[in-house]
Amino acid sequence: MPCFIAPSLLSANFGRLAEEIRSVEEGGADILHVDVMDGHFVPNISIGPLVVEAVCKVTRLPVDVHLMIEKPERYIADFIAAGANRLSVHVEACTHLNRTLAEIHRLGAQPGVALNPSTPLSAIEEVLEELFQVVLMSVNPGFGGQRFIPSSLKKIARLRGMLEQRATQSERPIWIEVDGGINAETAAQVRQAGADILVAGHAVFRHPNPAQAMAQLRQA
(Lines give C-alpha, C1' and ligand atoms only; values in the text may rest on other atoms or scores of the structure.)
Protein backbone atom coordinates (compact mmCIF):
# COMPACT_ATOMS: atom_id res chain seq x y z
CA MET A 1 0.00 0.00 0.00
CA PRO A 2 1.43 3.43 -0.89
CA CYS A 3 2.51 5.96 1.70
CA PHE A 4 1.56 9.62 1.29
CA ILE A 5 3.31 12.65 2.75
CA ALA A 6 1.25 15.66 3.80
CA PRO A 7 3.26 18.76 4.80
CA SER A 8 1.45 20.71 7.51
CA LEU A 9 1.11 24.37 6.62
CA LEU A 10 0.89 25.26 10.32
CA SER A 11 4.70 25.29 10.31
CA ALA A 12 5.06 27.24 7.06
CA ASN A 13 6.05 30.89 6.74
CA PHE A 14 2.70 32.59 6.13
CA GLY A 15 4.47 35.69 4.83
CA ARG A 16 5.49 33.64 1.77
CA LEU A 17 2.87 30.93 1.80
CA ALA A 18 2.55 30.46 -1.95
CA GLU A 19 6.31 30.01 -2.25
CA GLU A 20 6.31 27.54 0.63
CA ILE A 21 3.57 25.53 -1.06
CA ARG A 22 5.49 25.46 -4.34
CA SER A 23 8.61 24.22 -2.55
CA VAL A 24 6.87 21.17 -1.10
CA GLU A 25 5.01 20.49 -4.35
CA GLU A 26 8.36 20.39 -6.13
CA GLY A 27 9.66 18.14 -3.36
CA GLY A 28 6.94 15.58 -4.05
CA ALA A 29 4.22 16.33 -1.51
CA ASP A 30 1.08 14.28 -2.03
CA ILE A 31 -1.35 16.31 0.09
CA LEU A 32 -1.41 19.69 1.84
CA HIS A 33 -2.51 19.51 5.47
CA VAL A 34 -4.18 22.55 7.05
CA ASP A 35 -4.72 22.78 10.81
CA VAL A 36 -7.59 24.96 11.98
CA MET A 37 -7.58 25.92 15.69
CA ASP A 38 -10.09 28.01 17.60
CA GLY A 39 -8.42 28.73 20.95
CA HIS A 40 -11.12 26.71 22.75
CA PHE A 41 -10.84 23.07 21.73
CA VAL A 42 -7.07 23.58 21.68
CA PRO A 43 -5.00 26.34 23.33
CA ASN A 44 -4.05 28.09 20.11
CA ILE A 45 -5.63 29.99 17.21
CA SER A 46 -4.60 29.50 13.60
CA ILE A 47 -6.58 30.23 10.43
CA GLY A 48 -10.04 30.25 8.87
CA PRO A 49 -11.76 29.62 5.52
CA LEU A 50 -10.19 32.67 3.81
CA VAL A 51 -6.68 31.23 4.16
CA VAL A 52 -7.89 27.81 3.01
CA GLU A 53 -9.37 29.48 -0.05
CA ALA A 54 -6.05 31.21 -0.75
CA VAL A 55 -4.21 27.89 -0.42
CA CYS A 56 -6.58 26.17 -2.82
CA LYS A 57 -5.98 28.88 -5.43
CA VAL A 58 -2.23 28.18 -5.60
CA THR A 59 -2.16 24.37 -5.54
CA ARG A 60 -3.56 21.40 -7.39
CA LEU A 61 -2.83 19.03 -4.52
CA PRO A 62 -5.66 17.74 -2.34
CA VAL A 63 -6.21 20.08 0.61
CA ASP A 64 -6.78 18.16 3.84
CA VAL A 65 -8.37 20.40 6.50
CA HIS A 66 -8.16 19.28 10.13
CA LEU A 67 -10.70 21.09 12.31
CA MET A 68 -9.43 21.32 15.88
CA ILE A 69 -12.43 23.37 16.91
CA GLU A 70 -15.52 23.15 19.08
CA LYS A 71 -18.83 22.49 17.32
CA PRO A 72 -17.21 21.98 13.90
CA GLU A 73 -20.62 21.43 12.30
CA ARG A 74 -21.07 25.21 12.34
CA TYR A 75 -18.21 25.75 9.89
CA ILE A 76 -17.89 22.69 7.67
CA ALA A 77 -19.88 24.31 4.84
CA ASP A 78 -17.55 27.34 4.87
CA PHE A 79 -14.37 25.24 4.64
CA ILE A 80 -15.74 23.02 1.90
CA ALA A 81 -16.89 26.09 -0.04
CA ALA A 82 -13.34 27.43 0.36
CA GLY A 83 -12.04 24.36 -1.46
CA ALA A 84 -11.23 21.71 1.17
CA ASN A 85 -11.17 18.27 -0.45
CA ARG A 86 -10.95 16.39 2.84
CA LEU A 87 -12.38 17.53 6.15
CA SER A 88 -11.65 15.86 9.48
CA VAL A 89 -13.42 16.64 12.74
CA HIS A 90 -12.55 15.53 16.25
CA VAL A 91 -14.72 12.87 17.82
CA GLU A 92 -14.25 14.70 21.13
CA ALA A 93 -15.83 17.85 19.68
CA CYS A 94 -18.91 16.33 18.01
CA THR A 95 -22.08 15.54 19.88
CA HIS A 96 -23.71 14.13 16.73
CA LEU A 97 -20.75 12.68 14.88
CA ASN A 98 -22.71 10.59 12.38
CA ARG A 99 -24.77 13.62 11.32
CA THR A 100 -21.65 15.78 10.93
CA LEU A 101 -19.88 13.19 8.77
CA ALA A 102 -22.97 12.79 6.59
CA GLU A 103 -23.08 16.55 6.06
CA ILE A 104 -19.41 16.66 5.03
CA HIS A 105 -20.11 13.94 2.48
CA ARG A 106 -23.28 15.66 1.26
CA LEU A 107 -21.37 18.88 0.65
CA GLY A 108 -18.85 17.09 -1.54
CA ALA A 109 -15.79 16.53 0.67
CA GLN A 110 -14.26 13.32 2.00
CA PRO A 111 -15.04 12.95 5.72
CA GLY A 112 -12.52 12.02 8.39
CA VAL A 113 -12.43 11.70 12.15
CA ALA A 114 -9.50 12.73 14.36
CA LEU A 115 -8.73 11.21 17.74
CA ASN A 116 -6.62 12.69 20.53
CA PRO A 117 -3.90 10.45 22.01
CA SER A 118 -6.05 9.46 25.01
CA THR A 119 -9.23 8.76 23.01
CA PRO A 120 -9.85 5.03 22.47
CA LEU A 121 -10.48 3.57 19.04
CA SER A 122 -13.85 2.32 20.24
CA ALA A 123 -15.10 5.91 19.84
CA ILE A 124 -15.24 5.49 16.06
CA GLU A 125 -16.42 1.89 15.67
CA GLU A 126 -19.99 2.95 14.91
CA VAL A 127 -19.03 5.40 12.14
CA LEU A 128 -16.36 3.50 10.22
CA GLU A 129 -18.61 3.09 7.19
CA GLU A 130 -18.91 6.87 6.92
CA LEU A 131 -15.16 7.56 6.89
CA PHE A 132 -12.58 8.29 4.23
CA GLN A 133 -9.76 8.55 6.79
CA VAL A 134 -8.94 8.37 10.50
CA VAL A 135 -6.50 10.95 11.85
CA LEU A 136 -4.60 9.64 14.86
CA MET A 137 -2.95 12.40 16.85
CA SER A 138 0.51 11.33 18.00
CA VAL A 139 0.88 14.52 20.05
CA ASN A 140 -1.67 16.45 22.07
CA PRO A 141 -3.13 18.90 19.54
CA GLY A 142 -2.66 22.64 19.66
CA PHE A 143 0.98 23.33 18.85
CA GLY A 144 3.48 22.35 16.18
CA GLY A 145 6.92 20.96 16.92
CA GLN A 146 5.96 18.57 19.73
CA ARG A 147 7.67 15.26 20.45
CA PHE A 148 6.06 12.08 19.15
CA ILE A 149 4.21 10.04 21.80
CA PRO A 150 5.68 6.50 21.52
CA SER A 151 2.51 4.74 22.68
CA SER A 152 0.87 6.00 19.48
CA LEU A 153 2.57 3.17 17.60
CA LYS A 154 0.48 0.53 19.35
CA LYS A 155 -2.67 2.52 18.64
CA ILE A 156 -1.80 2.77 14.94
CA ALA A 157 -1.23 -0.97 14.80
CA ARG A 158 -4.54 -1.68 16.56
CA LEU A 159 -6.39 0.56 14.12
CA ARG A 160 -4.71 -1.17 11.19
CA GLY A 161 -5.90 -4.50 12.54
CA MET A 162 -9.43 -3.13 12.98
CA LEU A 163 -9.49 -1.86 9.40
CA GLU A 164 -8.06 -5.06 7.96
CA GLN A 165 -10.80 -7.02 9.68
CA ARG A 166 -13.37 -4.63 8.22
CA ALA A 167 -11.81 -4.98 4.75
CA THR A 168 -13.28 -8.47 4.47
CA GLN A 169 -16.71 -6.82 4.42
CA SER A 170 -15.97 -3.76 2.25
CA GLU A 171 -13.78 -2.96 -0.73
CA ARG A 172 -13.50 0.73 0.12
CA PRO A 173 -10.27 1.51 2.02
CA ILE A 174 -10.08 3.84 5.00
CA TRP A 175 -6.77 5.68 5.24
CA ILE A 176 -4.83 6.03 8.49
CA GLU A 177 -3.32 9.49 8.83
CA VAL A 178 -0.85 10.19 11.65
CA ASP A 179 -0.33 13.76 12.81
CA GLY A 180 2.32 14.93 15.27
CA GLY A 181 6.05 14.57 15.78
CA ILE A 182 6.71 13.04 12.35
CA ASN A 183 10.33 13.31 11.20
CA ALA A 184 12.94 11.15 9.50
CA GLU A 185 13.34 9.14 12.71
CA THR A 186 9.69 8.46 13.52
CA ALA A 187 8.38 8.16 9.94
CA ALA A 188 9.66 4.60 9.50
CA GLN A 189 8.16 3.48 12.82
CA VAL A 190 4.79 5.03 12.02
CA ARG A 191 4.74 3.53 8.55
CA GLN A 192 5.68 0.10 9.88
CA ALA A 193 2.86 0.31 12.42
CA GLY A 194 0.38 0.75 9.58
CA ALA A 195 0.01 4.44 8.69
CA ASP A 196 -0.89 5.50 5.14
CA ILE A 197 -0.53 9.30 5.42
CA LEU A 198 2.22 11.07 7.37
CA VAL A 199 1.62 14.69 8.39
CA ALA A 200 4.89 16.57 8.89
CA GLY A 201 5.24 20.23 9.81
CA HIS A 202 8.48 21.29 11.49
CA ALA A 203 10.42 18.46 9.84
CA VAL A 204 9.61 19.96 6.43
CA PHE A 205 9.15 23.70 6.76
CA ARG A 206 11.82 24.32 9.40
CA HIS A 207 14.38 22.46 7.29
CA PRO A 208 16.76 24.67 5.25
CA ASN A 209 15.67 22.76 2.14
CA PRO A 210 12.03 21.57 2.29
CA ALA A 211 12.44 19.49 -0.87
CA GLN A 212 15.38 17.68 0.71
CA ALA A 213 13.36 17.17 3.90
CA MET A 214 10.59 15.59 1.83
CA ALA A 215 13.09 13.24 0.21
CA GLN A 216 14.45 12.22 3.61
CA LEU A 217 10.97 11.46 4.90
CA ARG A 218 10.11 9.39 1.86
CA GLN A 219 13.39 7.49 2.07
CA ALA A 220 12.79 6.80 5.76
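## About the model

Residues are numbered from 1 along each chain as its sequence is written, and side-chain values use heavy atoms, with hydrogens and water left out. Because the model is predicted, local features need pLDDT of at least 70 and side-chain atom pairs count only at pLDDT 80 or more, while totals for chains, interfaces and linings use all residues.

## The largest pocket

The largest pocket has a volume of about 510 Å³. Its lining is made of 31 residues, with Gly 145, Gln 146, Gly 180, Gly 181 and Ile 182 lying nearest the centre. (A pocket is an open set of points on a 1 Å grid where a 1.4 Å probe fits, with protein on both sides within 12 Å along at least five of seven lines; lining residues have an atom within 4 Å of a point.)

By type, the lining divides into 14 nonpolar, 13 polar and four charged residues; here Gly counts as polar.

## Asp 179

Let's turn to a single residue. Asp 179 sits in strand S7, residues 175-179 (a strand is a DSSP run of E, at least two residues). Asp 179 is buried, meaning under 20% relative accessible area with a 1.4 Å probe.

Asp 179 has no salt bridge, and the nearest side chain of opposite charge, Arg 86, is 12 Å away; a salt bridge needs a side-chain nitrogen of Lys or Arg within 4 Å of a carboxyl oxygen of Asp or Glu.

## Val 199

Val 199 belongs to strand S8. Val 199 counts as buried because its relative accessible area is 2%.

Technical notes: Grid points are joined across faces, edges and corners, and a volume is the space filled by probe spheres set on the points. Helices (H or I, at least four residues) and strands (E, at least two) are DSSP runs, numbered from the N terminus. Buried means under 20% relative accessible area, exposed over 50%, partly exposed in between (1.4 Å probe, protein chains only). Lys and Arg count as positive and Asp and Glu as negative; His and the chain ends are not counted.
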